[in-house]
Amino acid sequence: MKQEIKRMHRRMMTQTISVPTRGNVTLVGDLLEVNPHRIAQLGRRREVRADANGHYDVQEVARVVGRQVTAKGIERYARRLAFKKRIASNESGRTPVDKGVRWYSRATHIPRDLDINALPPRAYLYGTYLQRGQVTLLSASGGVGKSAWSLSAGIDLACGADHLGAGAFKKRKVLVYNGEDDTEEMMRRAGAFMLHHGFSADMRLSVEQNLAVVSGADGPLRFADYKDGKVVILKEAVSLFKKMVRERDIEVVVLDPLIGLHTIPENANSEMNHLIVEIKNVATECNVALLLAHHDKKNVSNKSVADASQDDARGAGTITTPTRTVLSLKRLSKSDLKRLRIPAEDASRVVAISKGAKSNYSPRENGSRLFYMHSVQAQNGDDEFAADNTVALGVYSSNAGPLLSDEQCDRVLDAIRDGVFRSDSQANRPVVELIAGIAELSIDAEVKKRIAALLSEWEAAGWIKREKGRVAGVRREVPIYRVGPNRPAREDAFEAVEDED
């Protein structure tokens, strides 16, 4: 009897409901009984197209996924529609609620047969720095280079070529907004970067097609104002910005700097949270990776990059807390220069970026990536003004190995003589750990490079050599390190003296 009543109720609901032809991923997912995340994934792959409002055509999605609108799907849509009407009219007699009610219908049980391999991978578009649908904060002191790094990363994304050591990635459509530099200065920086790295004609064409820059020097983009002690979200400006992102099929957005997007007191936690939530909504609703540039506190400029923290960012804690990744761009401290053995002549031009400040969805990086600020000389001088000299960032790599004392060198060589250490790069972690432990260094990407350089120097000097040998657990012979024919020369070693007459 109960089942019959349910069937009658379902027929009544489906017969009286007008089925929409377009809707967001949740609505279309209800009608077709398809996971909304799958529809969003199809949209990212351009297999189905969304309009300027982020709505999909029901029949187009149905054709791609091989489903049809079902009575059960219409019932699910009707229930959600009825629930929204009841909330809007406050029929339940409870206190009216706002859009925060979305959580009510999204409770999901974790299935017993959950297979992590069946879930879609996180949509990282640039290394593990920028993720689709999420906000990444880039924090740095003034003048360190956050605008240069942001624009350079945008140029690389636009052409699909890596010049900053981020790894392999695909071409993406990028929008860079800079509230401080005018368009001419942005063009000057972009031109210097492409000239320094020798961009080909095809790469330049990709940048022209995929990168859009917007300057706020004449008319700033403003998301929020602070009036009479209250935060006022400028809905028209936010809506227009989202429209521009959707119309241009933008996948990566750069907003630089945060301070230019509002007039809110930066130290006010609850007030700044309104703005950050609005910026996060841009990332989620437009399905873009959003990089937000921000300033560091004044008292952290001399802090070691190894100690980078999300607390280095200026202002309220609600600026960094809602973001999933915080990047820290810093000049190297005296301890950094000594630890990484940066030559004195390079010290003023080397900066480091670290993901150790905060990383919710991927492992934190213990080390940092180093960049060198190259000077690019233009040939545009005239009778009145000298030619421009503009900075272009590039990956910095020093060939100096870690600083080892004579006693530490002997300890490493004795360990290599008495042990078995593989020399192939895929399995050389034991020798890396040996040297790092003796030198009292934390292992990170930069230290690994230094150790590799040190081993190369020792091999060239004949202190060590490579040969085939047996390693426990490996059937075949593999390349290993052995002590070479030469020993390190000591400055305090005594020379042989002929007997006096």
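Biologist: Why is aspartate 249 called partly exposed?

Modeller: This is a predicted model, so every value here is computed from it. Aspartate 249 has a relative accessible area of 27%. Buried means under 20% and exposed means over 50%, with partly exposed in between, so aspartate 249 counts as partly exposed.

Biologist: Where is aspartate 249 found, and what is its phi?

Modeller: Aspartate 249 sits in the loop between α9 (235–247) and β10. Its phi is near 55°, a positive value in a residue other than glycine. Most residues other than glycine have a negative phi.

Biologist: What makes glutamate 33 partly exposed?

Modeller: The relative accessible area of glutamate 33 is 28%. Glutamate 33 lies in the loop between α2 and α3 (36–44), just after α2, and takes a positive phi of about 55°.

Biologist: How do you know that helix α2 is largely enclosed by the rest of the structure?

Modeller: Count the buried residues: 7 of the 8 residues of α2 (residues 25–32) are buried, so the helix is largely enclosed. The buried ones are Thr26, Leu27, Val28, Gly29, Asp30, Leu31 and Leu32.

Biologist: Which angle do the axes of helix α6 and helix α7 make where they cross?

Modeller: The axes of α6 (residues 146–159) and α7 (residues 183–196) cross at roughly 60° and come within 10 Å. That makes α6 oblique to α7, because roughly parallel needs an angle under 35 degrees and roughly perpendicular begins at 65. The crossing of α6 past α7 is right-handed.

Biologist: Which residues meet there?

Modeller: On the α6 side they are Ser147, Ala148, Leu151, Ser152, Ile155 and Asp156, and they meet Met186, Arg189, Ala190, Phe193 and Met194 in α7. By kind, the contact has 7 nonpolar, 2 polar and 2 charged residues.

Biologist: What is the peptide bond from aspartate 256 to proline 257 like?

Modeller: That bond is cis, with omega near -5°. Proline 257 is in the loop between β10 (252–256) and α10 (269–286). Most peptide bonds are trans.

Biologist: What pLDDT does the protein chain average?

Modeller: The average is 84, and 86% of the residues score at least 70. Over residues 90–97 the pLDDT stays under 50, with 5 contacts beyond four places in sequence.

Terms used. Residues numbered from 1 in each chain as written. Predicted model: local features only at pLDDT ≥ 70, side-chain atom pairs only at ≥ 80, totals over all residues. Heavy atoms only, no water. Axes fitted to C-alpha atoms, helices over the stretch in contact; angles between N-to-C directions. Helix = DSSP H or I, 4+ residues; strand = E, 2+ residues; numbered from the N terminus. Parallel < 35°, antiparallel > 145°, perpendicular 65-115°, else oblique. Left-handed = near helix turned anticlockwise from the far one by under 90°. Contact = heavy atoms within 4.5 Å. Nonpolar A, V, L, I, M, F, W, Y, C, P; charged D, E, K, R; others polar. pLDDT = per-residue confidence, 0-100. Buried < 20%, exposed > 50% of the residue type's maximum accessible area, 1.4 Å probe, protein only.
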